[in-house]
Amino acid sequence: MKKICLTVVGLYIGLLSAFSQSADSANYKSRKLKFEEANLVSSYYRQTGNNSAVEGGVGSEKLSDIANVIDVKFTKYDKRDRKHSFTGEVGIDHYTSASSDRIDTKANSSASSADTRIYPSLSWTMENEQKGTTIGLHASSSFEFDYTSIGFGASFSKKSADKNREVSIKAQAFLDQVSLILPIELRNGSGGRDNDDYKSASRNSYSGSVSLSQVINERLQLAVIADIVKQDGFLALPFHRVYFNDNTVHSEILPSSRLKIPLGLRANYFIGDKVILRSFYRYYQDDWGLTAHTIDLETSVKINPFLSVTPFYRYYNQSAVDYFAPINVHKQGDAYYTSNYDLSAFDSQFFGAGFRSAPPKGVFGMQHIGAIELRYGHYTRSTGLNSDIISLHLKFK
Amino acid sequence: MKRTTAILLTAFICIMGAGSCTNVKEYQKSRINDAEMELSARKIQKTEQSFQTYREGASGANGGKTGGGCGCN
């Protein structure tokens with residue numbers, strides 16, 4: 001009897017232990033598709049100036065643009081514990097432009113005074129955390145009245161074993177179509193009214209990028225980025241006027257190929273416990289004769305762990321392309337010519353400030369809004385162009 | 001092009017030389033892993049980079065457009 005009781009008690013205890021054993025869940029990763037985050041970036045941009053390329057380098061450059069970009073990211077793990085990320089993004093810009101309105105100088109206000117651009121894209125990456133590698137694919141498109149673009153790309157990156165260094169390579173291609181909308185007086189030789197049946201020309205861009213990032217110490221990390229870009233096809237904009245020294249008007253003509261080489265260096269340094277200095281320098285050179293320098297400095301001051309203020313300053317300097325001249329300077333016999341002041345020699349300054357808040361319980365207590373960032377900047381160019389931009393970023397989780 | 005090569009080599013040598021610096025362990029990366037220390041442009045700068053691409057001749061090396069995809073320079 002005692003043996004039976006002891007056996008029954010022993011079995012009962014054994015059953016209890018079997019059910020109380022907890023599974024090792026430390027390394028468990030769900031294979032279900034999971035919403036990771038969404039981001040909304042909205043901005044309002046407004047510019048003034050007096051060197052409109054549509055009017056040969058003179059005239060109003062007044063323009064305003066409202067832009068909205070939203071992206072949504074999902075992740076999942078596969079059977080081999082590789083992390084797959086799927087990101088869908090769509091952007092919509094609507095702009096009004098005093099200079100575009102002058103493509104047809106006879107109309108009080110033409111269809112080109114405003115336009116909307118829509119640009120959706122999709123990307124996929126697969127990260128192998130054990131090997132420290134990530135591969136990715138990307139497809140994009142852009143649609144506006146006079147320009148369409150289809151783009152695609154691939155990327156690969158690898159981290160060192162100690163995760164202090166990462167090398168990335170990326171390749172991209174854009175296959176674009178430019179609608180050949182000439183200034184009204186240059187259409188069909190008759191100065192006739194708008195003809196919606198525009199011809200188009202192709203513009204293709206191919207780029208490769210290599211970047212190397214390195215953690216230097218507990219407070220400093222650097223990255224070097226080198227791109228190479230080759231463009232071919234119709235690289236001008238047909239509605240840009242150029243007035244020669246004999247007062248004849250022509251449509252801008254630029255070479256059908258362009259090679260660009262930008263080199264960038266980023267350095268971020270954590271000063272003390274509350275200040276981060278973010279810096280960026282870029283040297284740029286292309287075979288149209290343009291060289292440029294960009295210096296960007298931003299300081300992030302942490303008011304508390306969840307709130308930071310970020311004043312910034314950016315200086316930019318460029319030389320003119322070989323084919324630029326102001327109004328009434330180009331002459332008959334010039335092979336290439338433009339009066340677009342975006343390709344002239346100038347320097348510019350862009351400065352402003354922003355603030356960023358990411359409280360643990362969500363912005364304004366709303367759990368699903370993980371962060372909010374607001375930023376204002378003023379841009380001033382030595383050619384007389386000035387602009388302001390105010391941007392908002394909301395992060396949803 | 002010679003100047004470009006020299007700049008590229010200098011940057012490469014600097015970053016390779018930097019590889020001999022401190023080996024930072026994961027538990028020491030509390031500052032390095034701060035969101036503000038990320039080695040890329042902020043998301044909120046996306047539209048700022050866009051207007052700079054249109055208004056300036058230079059582009060690229062900053063994670064934004066390098067050429068194509070828009071009626072810009």
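Tutor: A term is needed before the strands: two strands pair if DSSP finds at least two bridges between them. Please also keep in mind that this is a predicted model.

Student: Understood. Which residue stands opposite S43(A) in β18(A)?

Tutor: S43(A) faces S391(A) of β18(A). The strands β1(A) and β18(A) pair in the antiparallel sense, with 11 bridges.

Student: And how many bridges join β17(A) to β18(A)?

Tutor: There are 11 bridges between β17(A) and β18(A), and these strands run antiparallel. Within β18(A), D388(A) is the residue opposite H378(A).

Student: What is the phi of G384(A) in that hairpin?

Tutor: G384(A) takes a positive phi near 105 degrees. The hairpin of β17(A) and β18(A) has 4 residues between its strands.

Student: Let us turn to the other chain. How many helices and strands does chain B have?

Tutor: Chain B has 2 helices and 0 strands, whereas chain A has 1 helix and 18 strands.

Student: Is α2 of chain B mostly covered or mostly open?

Tutor: Helix α2(B), residues 46-55, is mostly covered, since 8 of its 10 residues are buried. Among them are K46(B), E48(B), F51(B) and R55(B).

Student: What covers the buried residues of α2(B)?

Tutor: The cover includes four strands of chain A: β1 (34-48), β2 (63-77), β17 (369-381) and β18 (386-396).

Student: How many residues of each chain are in contact across the interface?

Tutor: On the chain A side there are 72 residues, in contact with 40 residues of chain B. By class, the chain A side has 32 nonpolar, 26 polar and 14 charged residues.

Student: Why does Q332(A) count as exposed?

Tutor: Q332(A) counts as exposed because it has 9 C-beta neighbours inside 10 Å, and the cut-off for an exposed residue is 12 or fewer. Leaving aside residues up to four places away in sequence, Q332(A) touches F244(A) and D246(A).

Student: How far apart are Q332(A) and E129(A)?

Tutor: Q332(A) and E129(A) are 203 residues apart in sequence and 62 Å apart in space, C-alpha to C-alpha.

Student: Finally, what ipTM and pTM does the predictor give the complex?

Tutor: The predictor gives an ipTM of 0.83 and a pTM of 0.87. Chain B averages a pLDDT of 78, and 70% of the residues score at least 70.

Key
Residues numbered from 1 in each chain as written. Chains lettered and ligands numbered in written order. Predicted model: local features only at pLDDT ≥ 70, side-chain atom pairs only at ≥ 80, totals over all residues. Contact = placed C-beta atoms within 7 Å. Nonpolar A, V, L, I, M, F, W, Y, C, P; charged D, E, K, R; others polar. Buried ≥ 20, exposed ≤ 12 C-beta atoms within 10 Å, placed from the backbone. pLDDT = per-residue confidence, 0-100.
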